[in-house]
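Please have the sequence and the model at hand while reading.

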Amino acid sequence: MDFSIKAFDTKNTITSAKTGCIAVAVFENKKLSAAAKALDQGGDITAALKSGDITGKAGSTLLLRGMSGSGAARVLLVGLGNDETVSEKSFTSAVNATLKAFASLGAADAIIALPMTDVKERDVSWAVRTIVCAAHESVFRTDGQKSKKDPAPAGVRKITLATDATAAVKTALAQAIAIANGMDLTKELGNLSANVCTPTYLADTARKLAKDYKFDVEVLDRKQLQALKMGSFLSVTNGSEEAPKFIVLKHMGGKAKDAPVVLVGKGITFDTGGISIKAGPGMDEMKYDMCGAASVLGTFRAIGEMGLKLNVIGVIAACENMPSGRATKPGDIVTSMNGLTIEVLNTDAEGRLVLCDALTYCERFNPAAVIDIATLTGACVVALGHHNTGLFTRSDEAHEQLAGELLAAGKAASDTAWRLPIEEAYNEQLKSNFADLANIGTPGGASVTAACFLENFTRKYTWAHLDIAGTAWKSGGAKGATGRPVPLLSTFLINRV
């Protein structure tokens, strides 16, 4: 998909634009957007509204052909709801409907002339990002592993955004394209079957990104992890034939003296639950248990394309969680990299076991902030559903600032998070008679106790935990990775420059 920006004015009018289609807005109270008024020289649009052929309801569409007074082959009327209060939801519905209509057209190019300045509490840059990311989603393919590919739709492949080409809008377009490309990579990795997307595959992907965008990369194998005394991480790998990989990517785009932001991704490429094996139905979706790792790689794809002037380090702990005669058993006690001993009461609570050693490893970077991203708990899905990512931080001043930045970035990117508590009282639920910590808590607040477990390994720096179990993928007929939280993370990093 190709994108460009073009301003239409009295010298370069929308009516004279030669294109396969122009999308313009109409409203529920029979009003027309400025672009629609300009094209309505013969009264065709007004007539369509009066006749009820289109209501103006957000997301409704009507295609008109051969309109007098227009150089375009087609004009797509798109409902935008109430003209006085165009909401984010209405605009997004209109954009999605526009792109759906574009997909079935026999035209290669089109102009989107929706009113990007009229969305309540949003600016043109947000509208541009919304259109670009939605356009990528509309053409994203999931047939990569099929022997016969699905028929490729014809449709529009070149989109011009009708708005002023200011420096801010040009920057927003470049950032949007980079973020959308990062989301595409995250989705592609998430959707791959686990026999293909192994820890080694993730490591190879990191190496390719490093080559393409001049990142530094290091991949640690089992012997090196043993030398680092990552006993907690390695305990998860015991039952698998696949070799674990510990991946470190470095984008040093800022000043040499600037402390880096570190992104830590959970990379369980398949999670059977280990000896505490999961139920069969839906277990195929445990290929998505590496979506934290995929989101780190997707974010690096985005910041590499943007050439972001910031120091960012990505750390990925990748392995499988499998049952075998060598697998870690419930009741086993393992020693983490920082020396704390952990009683493994449930081998299906493995994400925190790999992350805790990765978080300890991050101390060596003297980071400005560390953010881990993990499909960590089903309890977070119970608490927040599939709308918000769970955000956890401590409550001192530095962590309040970090939480505020992440929440604001999520809102700006329409990739929202909701903050949940971390309190010492929850640590009481992690007590063990035989080790320093248990890897699961007593019943109640399971997403919080999981975050509190991780917090024990982050006390030397400012840290936040994102639980993406409810937002990283969709189930059912729409099954597939979503690419979240790449927009949130990318926007957070952009705002830090």
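## The largest cavity

The largest cavity is lined by 13 residues, and those nearest its centre are S235, V236, N321, T328 and T347. On a 1 Å grid over the protein atoms alone, a cavity is a set of points where a 1.4 Å probe fits but cannot get out, and lining residues have an atom within 4 Å of a point. The model is predicted, with local features needing pLDDT of at least 70 and side-chain atom pairs pLDDT 80 or more, while totals for chains, interfaces and linings use all residues. Residues are numbered from 1 along each chain as its sequence is written, and side-chain values use heavy atoms, without hydrogens and water.

The space in the largest cavity comes to about 80 Å³, a volume being the space filled by probe spheres set on the grid points, which are joined across faces, edges and corners.

## The second largest cavity

The residues lining the second largest cavity are M1, L99, F102, A103, S138, V139, V156, R157 and I159.

## Cysteines

The structure holds zero disulfides, a disulfide being a pair of cysteine sulfur atoms within 2.5 Å. C319 is in no disulfide, and the nearest cysteine sulfur, that of C356, is 12 Å away. C319 is buried, with a relative accessible area of 1%, where buried means under 20% relative accessible area (1.4 Å probe, protein chains only). C21 also counts as buried, at 0% relative accessibility.

Conventions
On a 1 Å grid over the protein atoms alone, a cavity is a set of points where a 1.4 Å probe fits but cannot get out, and a pocket is an open set with protein on both sides within 12 Å along at least five of seven lines; lining residues have an atom within 4 Å of a point. Buried means under 20% relative accessible area, exposed over 50%, partly exposed in between (1.4 Å probe, protein chains only).
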